[in-house]
Number of protein chains: 2
Amino acid sequence: MSKNDRIFKFENKPAIFSCGTVAGKKEWEGALGGVFDCHSEDDTFGMPTWEQSESEMQRLALNHALAKLSWDSTELGLMFAGDLINQCTSSGYGLIDFDVPFLGLFGACSTLAEGLILAAFIVNAGYVNAAAAVTSSHNCSAERQFRFPIEYGGQRTPTSQWTVTGAGAFIVGRRSLLDVDEKLISAKSAPPNQPSPLFTHIRIAEAMPGRTIECGITDANNMGAAMAPAAADTLLRYFKVSGTKPDDYDLIVTGDLAFEGHRLTSELLAQKGIHLGSNFNDCGLIIYDRERQDMHAGGSGCGCSALVVAAEILPKIDRGELKNVLFIGTGALMSPMSVQQGLPIPAIGHLVRLIHD
Amino acid sequence: MSKNDRIFKFENKPAIFSCGTVAGKKEWEGALGGVFDCHSEDDTFGMPTWEQSESEMQRLALNHALAKLSWDSTELGLMFAGDLINQCTSSGYGLIDFDVPFLGLFGACSTLAEGLILAAFIVNAGYVNAAAAVTSSHNCSAERQFRFPIEYGGQRTPTSQWTVTGAGAFIVGRRSLLDVDEKLISAKSAPPNQPSPLFTHIRIAEAMPGRTIECGITDANNMGAAMAPAAADTLLRYFKVSGTKPDDYDLIVTGDLAFEGHRLTSELLAQKGIHLGSNFNDCGLIIYDRERQDMHAGGSGCGCSALVVAAEILPKIDRGELKNVLFIGTGALMSPMSVQQGLPIPAIGHLVRLIHD
């Protein structure tokens, strides 16, 4: 065990207050259909380019997350955001209207986990009362940048994942604000027949940022295989340091390994004597309806875990249906050029423990 | 003044212990020539592609920074790193050999300031004893990605800046370690005729992360004009909140506005009644020798401020020649595609106050 195999514990109870979710058409028609805050029937969100559509999605997502708290953006002390597009322009342009200090991230599909970890660090230490973590991906902007423009109609391999058109914004704040902030108190008191727009029982309890891992995978159409070793590495370290085992958690969810990577992660852990059971799932497997939608290996992209965590996992934690969840955001840190140059694909897995409290 | 116009103060004295600097040939021949830890006569650093050269520079920079402390990488609790190349692969590949949790950043040329701020947040709050902030740029990888491959021999405009080939790694740690860590105590006791390899008197006192600002500049060959409003915005807010004025600082240094942006920032502040004097400089103006080297408006790229801060500014703070310095890292958050699509260039300026203590 390395000296810096460290689990960061957040004693001051940083909480997730709300999420905003913005989805594309396929995601709206998928397994979680209907629960997102906003969607676009043609995936454009009214914008003239796919890149601007993706920026608009981030803007909408953060607006929705703030609206649920009746907050304006000045309540946020910091924003963390990133995406897959070159120079993270979806975040840079998408959040420009919010008058909030901005720290840009790059973690590929692990960006949500990275943003939640940094927001928890900052809120737990008392630097700010609340911070936002925002991320997005768009199928059309990502495909033309990483593979081919969709108009080309290229064949996809069975191991390839479908980049999710989705954006999520997450507001992390000091738990105690729920009892003292007048806007939050008022937002909590929803009419008896309606669910409260904000979450009151979700805590970020721990985090374990990952290390970059590379196991020789060079196939840009098999991200699951590239990322599985990173997910397995972080999980192995986490179980070792915490002294816990998979059964101790209601849900262990990666985002996004999809079919191929999910299977490989189970195998890699089994080789080390750790058996992930039916409580092990992946955001890339959850988002689409595999019966009705053929998305090959499943979903991917920063927006995939953002939508699944926001719309499926957090509400269950808030209601107490899930009490103890490990979320491991996984990212493949290659570029189209590094793949063309024949380099293997490095990956990373950042772990966040979310609890009902 | 907005509610979140906040200066973050670091009461627990996060210190900068050491830097590693790796430079290209032009930078080695420039105004700071000879003080960098390592350089390459052909800018390749022995690697087959420019992208891999840049990754190698990050690896070398962090090795140099650690070696000065006689530390191995397990002393680092976290690494923050980013660069200009698509999907930040210079950082992803460059730091893969270090067994340290990795959080990727994207802040364009503001990445050094962003990394220092996050490292200071984390160290000051006691999450880790030490963290690294690493960044790089390479003229050949950046030019072919953002403008034209250098082999094309394109004409450059007078306002264009020269992307610096350079990498810097900065180790931020708890000040008290200098008195208790045996390796640091031993590294401090250099022979009497030699300077100590590590810094013992540099504190990160305050930080003010910037907001994204966009003033309609669409010319990708005039980054200085795009970034000047962001630098001015952060400086204005900082002076207002802190109640200080430019004369209170030994040095106010932006990185990297170069000739055009430096002049515009002075003008923008003068319009608000704040007059920056001869203590206002810019890393893009410092790095090259304007008499001998024609670099047009000056230097740019994440590596520019990294080299200048590490090799020129921090040693002066450590020796007490500068006691109170504002460093404002500025970044242009556009991509080649956003420029082609006609969008104006958003920019950001993150402020760090460094003091002799």
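Modeller: We can go from the overall chain to the pairing of the copies, and then to single helices and residues. Please keep in mind that this is a predicted model, in which local features need pLDDT of at least 70 and side-chain atom pairs count only at pLDDT 80 or more, while totals for chains, interfaces and linings use all residues. Residues are numbered from 1 along each chain as its sequence is written, and chains are lettered from A and ligands numbered from 1 in the order in which they are written.

Biologist: Fine. How many helices and strands does chain A have?

Modeller: Chain A has twelve helices and 14 strands, where helices (H or I, at least four residues) and strands (E, at least two) are DSSP runs numbered from the N terminus. Its radius of gyration is 19 Å, close to the 21 Å that the globule rule gives for 357 residues, so chain A is as compact as a globular protein of that length. That radius is taken over C-alpha atoms, and the globule rule is 2.2 Å times the number of residues to the power 0.38.

Biologist: And what share of chain A is buried?

Modeller: Buried residues make up 61% of the 357 residues in chain A. A residue is called buried if 20 or more other C-beta atoms lie within 10 Å of its own, exposed if 12 or fewer, and partly exposed in between, with C-beta atoms placed from the backbone.

Biologist: Now the pairing. How many residues of chain A are in contact with chain B?

Modeller: On the chain A side there are 49 residues in contact with 49 residues of chain B, a contact being two residues whose C-beta atoms, placed from the backbone, lie within 7 Å. The elements of chain A giving two or more residues to that side are β4 (78–83), α3 (89–94), β5 (102–104), α4 (111–124) and α12 (336–340). By class, the side of chain A that touches chain B has 25 nonpolar, 17 polar and seven charged residues; Ala, Val, Leu, Ile, Met, Phe, Trp, Tyr, Cys and Pro count as nonpolar, Asp, Glu, Lys and Arg as charged, and the others, Gly among them, as polar.

Biologist: Changing topic: where is the kink in α11(B) centred?

Modeller: The kink, of about 40°, is centred on V309(B), the bend at a residue being the angle between axes fitted to the seven residues ending there and the seven starting there. Helix α11 (residues 302–319) of chain B has 18 residues and reaches 25 Å from its first C-alpha to its last, close to the 26 Å expected at 1.5 Å a residue; the expected span is 1.5 Å times one less than the number of residues. Because 13 of the 18 residues of α11(B) are buried, the helix is largely enclosed by the rest of the structure. Just after α11(B), G320(B) takes a positive phi of about 85°.

Biologist: What about α9(B), which residues are buried there?

Modeller: They are A258(B), E260(B), G261(B), H262(B), L264(B), T265(B) and L269(B). The cover over them includes α8 (223–242), β10 (251–255), β11 (280–282), α10 (283–286) and β12 (299–300) of chain B. Just after α9(B), G273(B) takes a positive phi of about 85°.

Biologist: Which peptide bond is cis in chain B?

Modeller: The bond from G255(B) to D256(B) is cis, with omega near 10°, and D256(B) lies in the loop between β10 and α9 of chain B. In chain A, the bond from G255(A) to D256(A) is cis, with omega near 10°.

Biologist: Last one: what is the phi of H296(A)?

Modeller: H296(A) has a positive phi of about 55° although it is not a glycine, and its place is in the loop between α10 and β12 of chain A. With 17 C-beta neighbours inside 10 Å, H296(A) counts as partly exposed.
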